[in-house]
Amino acid sequence: KEEILHTAQSLTHDCVPAKTMGLSSTWIDREGQEEKRQELKDRLNFTWRFESMGEMAEAVDKEFEEMK
């Protein structure tokens with residue numbers, strides 16, 4: 001579990017189960033679901049939030065560059 005970064009778009013079908021299983025999670029909020037996030041906030045535990053996979057990839061690249 002410590003080596004997995006669960007990445008998903010669906011709060012209900014992906015992010016809630018990830019928390020239940022104890023996985024670190026990233027939410028790809030493609031649809032601006034702030035209202036849904038508030039509704040489920042007690043059942044969520046994602047560490048990062050991005051608006052697209054491209055935005056996430058840029059953040060990963062930036063982190064790797066800073067590690068050099």
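What do the buried residues of α1 pack against? Let me start there, with the reminder that this is a predicted model. The buried residues of α1 pack against β1, which covers 5-8, and against β2 and α2.

So who are they? Helix α1 spans residues 11-20, and its buried residues are L11, C15, V16 and A18. Looking down the axis of α1, you would see these buried residues fall within an arc of 155°, so they line one face of the helix.

At the start of α1, S10 has a side-chain oxygen that comes to within 3.0 Å of the backbone nitrogen of H13. Just after α1 comes G22, with a positive phi of about 75°.

Now, on to the charged residues. How many salt bridges does the structure hold? There are 4, and I'll walk you through some of them.

Let's begin with R49 and D29, whose side chains meet in a salt bridge at 2.5 Å, N to O. This pair ties together distant parts of the chain: R49 is in strand β3, residues 48-50, while D29 is in the loop between β2 (24-28) and α2 (34-40), and the two are 20 residues apart. Is D29 buried or exposed? D29 counts as buried, because its relative accessibility is 5%. R49 has 39% relative accessibility, so R49 counts as partly exposed.

The side chains of E34 and R49 form a salt bridge at 3.0 Å, N to O. Here again distant parts of the chain are linked, with E34 in helix α2 and R49 in strand β3, 15 residues apart. E34 counts as partly exposed, because its relative accessibility is 29%.

Step back and you can see a network of salt bridges linking D29, E34, R37 and R49.

My last pair is K36 and E39, with side chains that meet in a salt bridge at 3.7 Å, N to O. Both of these residues lie in helix α2, 3 residues apart, or about one turn of the helix. Why does that spacing work for a pair on a helix? An α-helix has 3.6 residues a turn, so residues three or four places apart point the same way. As for accessibility, K36 is partly exposed, with a relative accessible area of 29%, whereas E39 counts as exposed at 59% relative accessibility.

Note on methods: Residues are numbered from 1 along each chain as its sequence is written. This is a predicted model: local features need pLDDT of at least 70, side-chain atom pairs count only at pLDDT 80 or more; totals for chains, interfaces and linings use all residues. Side-chain values use heavy atoms; hydrogens and water are left out. Helices (H or I, at least four residues) and strands (E, at least two) are DSSP runs, numbered from the N terminus. Buried means under 20% relative accessible area, exposed over 50%, partly exposed in between (1.4 Å probe, protein chains only). The arc is that of the directions from the helix axis to the C-beta atoms. Contact means heavy atoms within 4.5 Å. A polar contact is a pair of N or O atoms within 3.5 Å; within protein, one must be able to donate a hydrogen and the other to accept it, and residues adjacent in sequence count only if both atoms are side-chain atoms.
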